[in-house]
Amino acid sequence: MNDRQQTLWNFMWEQKDKLVSQTVQHLGLTFTALVLAIAIGLPLGMFIARKRKWASGVLGFAGVLQTIPSIALLGFMIPLLGIGARPAIVALLVYALLPIIRNTYTGITGVNRDVVEAANALGMNKKQVLFHVELPLAMPVILAGIRTAAVINIGVATLASFIAAGGLGEFIFGGISLNNSNMILAGAIPAAFLAISLDFLLSRLQKLDMIKLKKISFVGLVLILAVLGYKLWPLMMADDDHGHDVSSIGAKLTAGFTPEFMGRQDGDLGLKAVYGLKIPTRVISDALMYKAAYEKEIDVISGYSTDGRLKAFDLVVLKDDKGIFPPYDAVPIVRQTALKKFPQLEAVLNQLAGKINDATMIDLNYRTDYLKQSPERVAKDFLMSVGLYKNPRNGNGEVLRIGSKIFGEQYILAQIYRMLIEGNTNYQVATKSGLGGTKICFDALVNDQIDFYPEYTGTGLLVLLAPAQSLLKEMGQDKEKVYDYVNKAFQQKYQVKWLKPIGFNNSYALMMREKQSKAIRVTTITELKKYIDTN
Amino acid sequence: MIELSGVSKRFGNTQAVKDVSFTVESGETMVLLGTSGCGKTTTLKMINRLIEPDAGKISIHGQSASDEKPEMLRRKIGYVMQNIGLFPHYTISENIAIVPKLLKWTVEKTRERTHELLEKLRLSPDCLALFPHELSGGQQQRVGLARALVADPAILLMDEPFGALDNVTRSEIHVEFKALEELKRKTIVMVTHDVQEAFDLADRICLMNKGEVVQIGTAKDLLYRPVNDFARQFLDGARLALEFKCARIKDLWELLPQPATIRNDAAFSKDSGGIKDRFQSADLSVWLAITYFNFTENDYVSFILDNGPGWIKTFNFQELSQAFYRYQQQNIHE
């Protein structure tokens, strides 16, 4: 335990510059969105408190906005606002709106009607009644809404890293992808601390004697938030403007890499070390990266070579001519205890061995990602086409648990395996799809929460085993050597066996828009470097 | 002077007020009396335009109420309500200063007037820095009254002003209220559902039912000359008490025993203290006069008439009730 703390603090100390800038970005995003949400939500709340017939419509609409999943909301915004701080702030604003509007409305309508009547009867006009009576008396409720919105925003702001807006999410999601607990904690602890302290500060403000403070405190709060937002804005946008400038000139290219890619030896680090590639880079979520490339927000992305979106968004893979991306052959990995418990399992899983090549996998992915066919249907169609499909036996044997990571290809593979097992054995199958990143999936396997899942040799090697550099160099891009190494190491270290490879290699790949690639004549990473250096 | 003519108000399908007309003379106290839902509060609120009438005319001091901005109109009309409606986030002094502030009085003028009112309403200046929730119900009621009176409006509207008080406190307040110098010159319209309160405080009563005026008149008119069964039945529950309240000793003066029966006892000696201490005023209602009797045959009380012949009469409870009985007979047959 002591050991671990040491390394966490070490990590945070080493990364302190990044940590500070991420925290600043995080607060900047939160406060800017909060100020805007107050600026919109408060008047809107006051409006519907006056015109009650609008209330259910406005509150209902804000409620619907609240239920949009954050990643989907960010996705909607790329065509409108691009990537970076702007769409992130708009998304945060959308989530902060409901609590503020609702509490303003509830606060004002909840003011004792006798007091309002007295105010009218004494000869106050509408404005005086609102500012001297209704708002001061509703203030504790309104502040509670702002407090809720602030805490929601701190949480949702971690997702800003998905669209290159920075914030503590960079560490959190990078850490999850890279199986780096220290990195996760270095993002999560400050984020939690920010949420708790902001909540605490606002709760103190709320408890102060509102009766005595009256509107002063509220004006003060808005001012503080506005100043903070204003101060933090340039810091936050610095990254952003830079990116925009270069892409608008068109002379230079911008890269959008996932947090995972940024931290990996076979990712950004390797690109710099081996190719000497120097490209303005923004961190972006895997889910939104392809779309952002398609929308010309970024030019070069760190995609996966079998991704269906290659086909959907007209992207091409740049050839890795110096070989920094190790092979990522897809292989089902199984706990050895599960192989004993389910004796027929290995043979059934191996039926798929060698059946799916890169092109087939891109096509299958394209069908789910772009044609929106369900993974079940794609899996069934595929098995029929290769003659492996059998009707389920509906057996009542033991329950086998299949895991998958949270992206399309893994869902399809999980479904294919389910159909194979149900068609060939009497085992019952439970699929646990969408288990986050590598770390979550692998932890689930080792801790007996699932029995097997499809993993990639490169991931096993670099993320889970992380061997010495010398050993990596020796293995290079040799598929067999890598496979043998991980299989042996996993059996020893984790009692997990790698079965036969499925056939396709889903490695990292740099990719860009096909049109642009042709226009600037860049087809390999070396050509990309040359192009960047000369322009 | 307040004049309503043909005033009506409808809420959805309910006709809350229907063709109401009456005049309140300057300095008069008019009580709108009726059960809940009879339209009396709606009628009251139309006078200061908290509710706008659908039809009819309301004029104040001969000027149409609708000619002026509602908030300007209201600053000239005091308003006291059942639930008081003090601003919980304002201190007592700030609560009282609301209207002066709207009228842009100087701080000094406001302060002086506030202290003057506190004295008249028997409130301690210590309470000025407190918040409403720190005061008792009765004190809050006085602050509510002070707030309504601070700008010395000629007109005062009161919506069940004593509704939140218990019965004992209420009759004490009635006496005190009647005696308030500050209120004597005011034109007052008060809403109540309590018949006794109406009789205690009203110069004239406007009895309402289902949004319409049933009868307008003095307490005596309502008691002895009801226009219909509704008016009669409305008072029946408390008839005896009302009759006691309605009649003053001086009203029965002729029916009481002649001065010849004055007992020449020690009590009548001019040496045994001031006359005023020993004699009760004939202005008292029978209701209040009764409280001075012990209900034994030998218990005599002396009453003094301010002017006129036979200015002192002394009688026991039995003689008083006989006189009262005959007085009732006279009124009924009038």
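## Where the two chains meet

How many residue pairs are in polar contact between chain B and chain A? The count is six, with both residues of each pair at pLDDT 80 or more. Three elements of chain B give two or more residues each to the side that touches chain A: α2 (70-75), β6 (77-81) and α4 (98-102). By class, that side of chain B has twelve nonpolar, four polar and six charged residues. Please keep in mind while you look around that this is a predicted model.

The meeting place can also be described by its contacts and its area. On the chain B side, 22 residues are in contact with 19 residues of chain A. The size of an interface is often given as the accessible area lost when the parts come together. For chain B and chain A, the buried area is about 1900 Å², and carbon and sulfur atoms give 66% of that. Within chain B, the residues that lose the most area to chain A are Met81(B), Phe87(B) and His89(B), which together account for 29% of what that side buries.

One salt bridge is counted between chain B and chain A. Its partners are Glu117(A) and Lys45(B), whose closest N and O atoms are 2.7 Å apart.

## Chain B as a whole

Chain B has 15 helices and 13 strands. Of its 334 residues, 51% are buried. Its accessible surface comes to about 16200 Å², and carbon and sulfur atoms hold 50% of this surface. Now consider the contacts in chain B with a separation of 6 or more: 66% of them join residues 24 or more positions apart.

## A helix inside chain B

The buried ones are Arg239(B), Ala241(B), Leu242(B), Glu243(B), Phe244(B), Lys245(B) and Cys246(B).

Most residues other than glycine have a negative phi.

Lys104(B) has 73% relative accessibility, so it counts as exposed, the cut-off being over 50%.

Gln516(A) sits in helix α25 (residues 514-519) of chain A. With a relative accessibility of 15%, Gln516(A) is buried. Setting aside neighbours within four places in sequence, Gln516(A) is in contact with Leu253(A), Asp299(A) and Arg521(A).

Ala430(A) belongs to strand β7 (residues 428-432) of chain A. Its relative accessible area is 22%, so Ala430(A) is partly exposed. Not counting residues up to four places away in sequence, Ala430(A) touches Val399(A), Leu400(A), Arg401(A) and Ile402(A).

How values were computed. Residues are numbered from 1 along each chain as its sequence is written. Chains are lettered from A and ligands numbered from 1 in the order in which they are written. This is a predicted model: local features need pLDDT of at least 70, side-chain atom pairs count only at pLDDT 80 or more; totals for chains, interfaces and linings use all residues. Side-chain values use heavy atoms; hydrogens and water are left out. Contact means heavy atoms within 4.5 Å. Buried area is the accessible area (1.4 Å probe) that two parts lose on being put together, summed over both. A salt bridge is a side-chain nitrogen of Lys or Arg within 4 Å of a carboxyl oxygen of Asp or Glu. A polar contact is a pair of N or O atoms within 3.5 Å; within protein, one must be able to donate a hydrogen and the other to accept it, and residues adjacent in sequence count only if both atoms are side-chain atoms. Helices (H or I, at least four residues) and strands (E, at least two) are DSSP runs, numbered from the N terminus. Ala, Val, Leu, Ile, Met, Phe, Trp, Tyr, Cys and Pro count as nonpolar, Asp, Glu, Lys and Arg as charged, and the others, Gly among them, as polar. Buried means under 20% relative accessible area, exposed over 50%, partly exposed in between (1.4 Å probe, protein chains only). Accessible areas come from the Shrake-Rupley method with a 1.4 Å probe; for residues, only the protein chains shown count as cover.
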